[in-house]
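Visitor: Can you walk me through this one? I'd like to start with the sheet.
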Amino acid sequence: MACPNTTTDSFTLDKSAKIYVAGHRGLVGSALVRKLQTLGFTNLLLKSHSDLDLTNQSHVQNFFSTHKPDVVILAAAKVGGIHANNTYPADFITINLQIQTNVITSAFHHGVKKLFFLGSSCIYPKFAPQPIKEESLLTGPLEPTNEMYAIAKIAGIKMCQGYRIQYNWDAISAMPTNLYGPNDNFHPENSHVLPGLMRRFHEAKVLGKKEVVVWGTGAPLREFLHVDDLADAVVFLMEKYSGVEHVNVGSGVEVSIKELAELVKEVVGFEGELVWDTSKPDGTPRKLMDSSKLAGLGWVPKISLRDGLVDTYKWYLENVEQ
Ligand SMILES: NC(=O)C1=CN([C@@H]2O[C@H](COP(=O)(O)OP(=O)(O)OC[C@H]3O[C@@H](n4cnc5c(N)ncnc54)[C@H](OP(=O)(O)O)[C@@H]3O)[C@@H](O)[C@H]2O)C=CC1
Ligand SMILES: C[C@H]1O[C@H](OP(=O)(O)OP(=O)(O)OC[C@H]2O[C@@H](n3cnc4c(=O)[nH]c(N)nc43)[C@H](O)[C@@H]2O)[C@@H](O)[C@@H](O)C1=O
């Protein structure tokens, strides 16, 4: 494509840059705020969903016109696990297209210098060769359980590319693997597998239950990354990367859902049995990403799955458990 990959040094040098973290109360947004504050950034622009609905175009335009951020990290989205994606496909495509279109276009028109778009590993074809390289995008059919969400995310990547190619605007995107950590969504049905199981095992332990139901066959393979590692990677890419192609962000370690369930069970301390509900969908059989491009730039993850689970369960006990 037309634009070369270049590096940028404007981001970390200026600790007073006005950085708008959209979605700062969510899993990713809150980790980004922690990371940026630790690094000494003093001018974070934060607006909760109740104060600014990013699906509302005129409100988003007014917000950018008033506050004029220098940098935008777009971590606001309609997000959920396999059940939520499968049950609310209209919401997943519409809300995500609205949020990202409003934020990207307003950021461009109001002089934002750099924008970071977060996609997801579900953008890749269901049967992409593993580990999945960035080039696999748009080479085959998507996984049906999250097709709507994936199509919105692909549109976000392409918007960033389009604005870079046409206007040389510095919009970059990263595709994280399955994430977990503090401020995750622990909803019993709509969450992702890791927080969903953590809650179910915890409640079963407290109530002295003998069994916990786990969805699907347990055979699918997933790659998990602690959100603090993701936040570190995002800041790293903001500093080091300015290219047209999206960048995979994974841990490089995959586990089966059965292995994950056993590990969460152990960390939580539930001593009963697992019962597999095979009426629930498995989703993509495998989605290990190839993160060698990011590794080549000099970034590697630090938090093991076991350590990350222990940290997340501690957070759950302190913040979610009543
Ligand atoms: N979690 C994961 O495993 C992965 C996430 N990602 C990507 O990372 C990004 C962040 O995800 P994550 O942190 O997990 O999601 P969360 O659901 O934890 O956070 C999303 C945030 O966006 C806000 N938001 C949603 N809709 C609107 C709206 N209309 N207006 C304003 N704010 C809104 C939410 O506010 P409120 O809660 O008040 O609605 C929330 O603060 C997303 O782009 C997602 O695709 C990528 C790969 C994996
Ligand atoms: C991040 C990613 O997340 C989603 O894709 P997913 O990886 O399939 O998501 P998941 O975490 O919900 O499930 C992973 C696996 O785990 C099994 N599973 C067992 N028991 C529970 C359970 O209790 N809850 C859930 N949610 N899943 C369970 C489940 O049946 C499946 O086999 C998409 O939103 C997609 O859009 C996306 O981007």
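Guide: First a term: two strands pair if DSSP finds at least two bridges between them. Strands (E, at least two residues) and helices (H or I, at least four) are DSSP runs, numbered from the N terminus. This is a predicted model, where local features need pLDDT of at least 70 and side-chain atom pairs count only at pLDDT 80 or more, while totals for chains, interfaces and linings use all residues. Residues are numbered from 1 along each chain as written, chains are lettered from A and ligands numbered from 1 in written order, and side-chain values use heavy atoms, without hydrogens and water.

Visitor: OK. In what order do the strands of the open sheet come?
Guide: The order is S2-S1-S3-S4-S5-S9, 6 strands with parallel pairing. Strand S2 (44-45) and strand S9 (247-249) are the edges; each has a single partner strand, so one side of each lacks a neighbour in the sheet.

Visitor: Over how many bridges do S1 and S2 pair?
Guide: Strand S1 (residues 19-22) pairs with S2 over 2 bridges, in the parallel sense. Opposite Leu45 in S2 stands Tyr20.

Visitor: Which strands does H2 lie across?
Guide: H2 lies across S1, S2, strand S3 (71-74) and strand S4 (114-118), and runs at about 155° to S1. Such angles run from 0 to 180 degrees between N-to-C directions, with axes fitted as lines to C-alpha atoms, for helices over the stretch in contact; contact means heavy atoms within 4.5 Å. Helix H8 (residues 227-240) also packs on the sheet and touches S3, S4, strand S5 (170-176) and S9.

Visitor: Switching to ligand 1: how many residues surround it?
Guide: The count is 25, with Leu27, Val28, His49, Tyr149 and Lys153 the closest; a residue counts if one of its heavy atoms lies within 4 Å. Helix H2 (27-38), helix H6 (147-167) and strand S6 (178-180) each supply at least two of the shell residues.

Visitor: What does His49 do there?
Guide: A polar side-chain atom of His49 is 2.7 Å from an oxygen atom of ligand 1, a polar contact being a pair of N or O atoms within 3.5 Å. A polar backbone atom of Leu27 lies 2.9 Å from an oxygen atom of the ligand. The protein covers 83% of the 890 Å² of accessible area that ligand 1 has on its own, by the Shrake-Rupley method with a 1.4 Å probe.

Visitor: And which helix gives the most to the shell around ligand 2?
Guide: H7, with 3 residues.

Visitor: Where is Asn85 relative to ligand 2?
Guide: A polar side-chain atom of Asn85 lies 2.6 Å from an oxygen atom of ligand 2. For ligand 2, the protein covers 98% of the 690 Å² of accessible area it has on its own.

Terms used. A polar contact is a pair of N or O atoms within 3.5 Å; within protein, one must be able to donate a hydrogen and the other to accept it, and residues adjacent in sequence count only if both atoms are side-chain atoms.
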